[in-house]
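Dear colleague,

I am handing over the structure below, and after it I set out what was found, so that you can follow each point with the model open beside you.

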Amino acid sequence: MAGPATNGKVHVDSRPSELVRVATAGSVDDGKSTLIGRLLFDSKQILQDQLEHVERVSTERGDGYVNLALLTDGLRAEREQGITIDVAYRYFHTAKRKFIIADTPGHEQYTRNMVTGASTADLALVLVDARNGVVEQSRRHAFIASLLRIPHLVVAVNKMDLVDWDEAVFDRIVADFSGWAAKLDITDITFIPMSALMGDNVVDRSKNMDWYDGPSLLYYLEHVHIASDRNLIDCRFPVQWVIRPMDDEHHDYRGYAGQVASGVIAVGDEVVVQPSGRTTRIAGIDTQDGPLQEAYPPLSVTVRLEDDVDVSRGDMICRVNNSPTPTKEVEATVCWMSERPLSPSGRYRIKHTTRTALAKVDDLRYRFDVNSMHRDESATGLALNEIGRVRLRLSAPLLVDEYRRNRATGSFVLIEESTNDTVGAGMILGADED
Amino acid sequence: MTAVSYEVSHLRALEAEAIHVMREVAAEVERAVLLFSGGKDSIVLLRLAEKAFYPAKFPFAVMHVDTGHNFPEVLEFRDRRMEELGARLIVASVQEAIDAGKVVEETGPRASRNRLQTVALLDAITKHDFKAAFGGARRDEERARAKERIFSFRDDFGGWDPKAQRPELWNIYNAHMNPGEHMRVFPLSNWTELDVWQYIREEELEVPAIYLSHEREVFERDGMLYAVSPYVELLPGEKTFTTAVRYRTVGDMSCTGAVQSTAATLDDVVAEIAATRITERGETRADDRFSEAAMEDRKREGYF
Ligand SMILES: Nc1nc2c(ncn2[C@@H]2O[C@H](COP(=O)(O)OP(=O)(O)O)[C@@H](O)[C@H]2O)c(=O)[nH]1
């Protein structure tokens with residue numbers, strides 16, 4: 001065939017579809033793998049060779065049925081031990097939306113994985129085994145979802161086939177869970193009775209539970225409103241990189257590249273560059289596809305300013321009357337992710353948006369017991385998977401917001417200096433939170 | 001003010017995420033390189049690199065790990081794109097590694113240079129002292145990949161330890177490295193094959209002609225169609241024939257299979273991918289058929 005090909009016809013059936021990030025959690029054997037397998041299978045995302053693979057392995061293992069749970073097995077160690085160790089990402093799409101599932105193992109020791117998966121999620125899917133009802137693990141999962149401020153929580157009450165599709169069982173779990181969740185900061189909870197194994201209420205509505213008139217899981221996933229979960233009010237643009245082409249065509253060009261963290265930036269806006277506090281206006285918003293009038297999350301753009309102010313990586317462009325105050329002290333909830341415990345006088349690197357500084361733990365105020373919600377003020381450290389509240393002193397000012405108002409500018413990670421490992425995930429607390 | 005919804009399509013969201021990743025690497029890592037195979041994923045990667053630093057040129061070189069068994073269409077395409085972009089191209093040659101006696105070539109009708117790429121790649125990374133290499137791998141490709149981080153660290157030997165991965169939270173990436181380490185960075189981690197094709201179509205990106213339907217002389221082996229080429233010996237009983245095919249992946253000619261297809265335009269390809277019932281690796285890559293954990297094993301050794 002002659003020459004490479006491009007195609008003039010574009011945008012034929014590429015209607016815009018939305019990206020939805022889902023984090024799943026459940027205790028071992030609640031049926032999470034089966035559910036995800038079923039979701040992928042019934043929405044026709046499982047391809048023939050993958051299915052043949054699952055059929056073959058199911059037979060080898062003597063499962064006696066096509067074990068859809070095997071679709072989500074990742075690493076060899078996991079297959080050998082029959083458990084999921086790490087966060088795995090799955091993808092599927094429908095005509096309306098594309099989904100990214102962060103599939104996190106549910107064991108207690110893997111709290112850090114759920115936190116990881118939850119950090120970017122629009123929606124949390126927590127499984128409960130109808131026979132067992134709300135157990136400690138379910139509480140932990142709901143707590144983490146609320147801590148990470150995932151806007152929507154779906155509780156899948158699974159294995160309804162094993163409780164005779166009994167409405168009373170479902171109602172009891174709903175009441176139980178809601179009672180607990182009332183203590184948490186969860187705005188939107190939906191309960192769906194299902195059987196992942198038989199497919200009831202996963203993609204298609206169940207014929208076995210006439211008493212339930214809510215949506216199937218897939219219907220819910222396709223319709224839950226997530227666009228307004230973004231913070232479109234507080235303009236925050238962390239500068240990642242300064243673009244200076246220095247060629248003839250763009251001799252004096254100076255642009256500030258970054259991803260809009262929150263709010264809307266528009267050409268002509270009066271802005272302040274933090275931490276210097278210098279004010280100027282937005283002269284232009286550039287992309288290779290042409291200039292924009294406005295930019296909003298999660299777009300990655302390049303901003304030009306009217307005045308020649310000194311701006312570098314780590315600075316933040318905000319609106320004049322709405323910007324964080326640079327601070328060298330933060331109060332935060334920290335989830336610990338390392339086998340080497342957080343020590344109450346430890347020193348770490350802290351990375352917040354595009355800015356890195358040093359942080360000293362000034363005070364470990366308490367350790368949180370996720371099961372009892374009890375605060376242990378006598379705690380002397382945070383071990384792997386433990387959650388606590390700390391006060392940090394910083395070597396350089398950071399431009400922080402409360403996490404509950406702004407996930408992008410309220411979050412940070414702690415990095416151990418000697419190993420370079422990411423050891424902690426932090427969420428900044430407001431003055432009135434305690 | 002008019003009411004605006006500030007809608008962002010999934011492709012734009014994926015694009016923004018990838019651009020953010022590339023800029024973080026540029027800002028935090030000393031020497032980065034973009035791995036370019038001429039395949040569809042690296043074509044998208046290249047476009048994202050252009051976008052991330054526009055109107056400046058992207059601040060890294062491009063590297064092709066050359067098995068010496070390339071599709072000529074792909075080499076021609078590679079060289080032309082580099083010239084258009086004014087990019088610096090480094091070729092890491094498997095042939096040279098063989099000639100230098102660093103690796104021994106497999107022999108026989110099923111010989112492939114796939115695994116040998118790892119040596120050429122690691123050598124080039126060491127020689128140029130690259131601290132980061134962008135790759136076009138996606139998590140939907142394969143089961144071991146599904147668990148790999150976007151910033152994926154490699155030890156002194158180029159090896160990957162899936163159990164010692166750093167947690168990746170929000171969009172905050174930790175690029176701090178220990179001496180001797182380097183990282184692979186996968187900006188397309190969250191893209192699927194369909195996303196890649198939709199993006200290529202939306203952006204009107206040029207792809208090598210072998211991705212679209214063309215007549216080719218092929219033979220069938222293990223249920224796959226291979227191109228007749230100087231790099232593959234026929235086994236007894238294998239017959240060649242000519243048919244309309246296209247490629248779903250671009251790799252070494254010796255281990256990349258074609259699919260029968262009449263999809264001649266990008267629209268046709270998108271439609272075909274949307275309807276396909278077989279994964280690209282299952283359908284067209286002999287390298288992933290070795291064993292249950294073929295990819296995981298190669299990754300542990302330092303593969304892409
Ligand atoms: N009866 C019944 N069994 C189920 C259901 N969902 C999962 N299971 C079974 O429960 C067991 C554990 O499921 P699996 O998906 O591996 O659980 P995971 O550990 O949460 O991933 C398997 O034997 C499944 O077949 C269901 O809805 N009904």
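Which of the 17 residues around the ligand come nearest? Please keep in mind while looking that this is a predicted model. The residues that come nearest to the ligand are A:Asp29, A:Lys32, A:Ser33, A:Thr34 and A:Asp161. The shell around the ligand divides into 6 nonpolar, 6 polar and 5 charged residues, and the largest share of this shell, 3 residues, is supplied by helix H1 of chain A, which covers residues 32-42.

A polar backbone atom of A:Lys32 is 2.8 Å from an oxygen atom of the ligand, while a polar side-chain atom of A:Asn158 lies 3.0 Å from a ligand oxygen, and a backbone N or O atom of A:Asp30 lies 3.4 Å from an oxygen atom of the ligand. On its own the ligand has 580 Å² of accessible area, and the protein covers 80% of this.

Because A:Asp103 lies in strand E3 (residues 97-103) of chain A and A:Lys32 in helix H1 of chain A, the pair ties together parts that are 71 residues apart in sequence. Over all chains, the structure holds 55 salt bridges.

A search of the whole structure finds 4 cavities of 30 Å³ or more, and the second largest cavity has a volume of about 70 Å³. Residues of both chain A and chain B line this second largest cavity: A:Val413 and A:Thr422 from the one, and B:Phe151, B:Phe153, B:Arg166, B:Pro167, B:Glu168, B:Leu169, B:Ile172, B:Tyr173 and B:Asn174 from the other.

In chain A, the peptide bond from A:Gln274 to A:Pro275 is cis, with omega near 10°, and A:Pro275 is found in the loop between strand E11 (270-274) and strand E12 (278-286). In chain B, the peptide bond from B:Tyr54 to B:Pro55 is cis as well, with omega near 5°, and B:Pro55 lies in the loop between helix H2 (40-53) and strand E2 (61-66). A:Trp165, although it is not a glycine, has a positive phi of about 55°, and its place is in the loop of chain A between strand E5 (152-158) and helix H6 (167-181).

With best regards

Key:
Residues numbered from 1 in each chain as written. Chains lettered and ligands numbered in written order. Heavy atoms only, no water. 1 Å grid on protein atoms, 1.4 Å probe; cavity = no way out; pocket = protein on both sides within 12 Å on 5 of 7 lines; lining within 4 Å. Points joined across faces, edges and corners; volume = space filled by probe spheres on them. Near = heavy atom within 4 Å. Polar contact = N/O pair within 3.5 Å; in protein donor to acceptor, adjacent residues only side chain to side chain. Areas by Shrake-Rupley, 256 points an atom, 1.4 Å probe, with all protein chains shown as cover. Helix = DSSP H or I, 4+ residues; strand = E, 2+ residues; numbered from the N terminus. Nonpolar A, V, L, I, M, F, W, Y, C, P; charged D, E, K, R; others polar. Salt bridge = Lys/Arg side-chain N within 4 Å of Asp/Glu carboxyl O.
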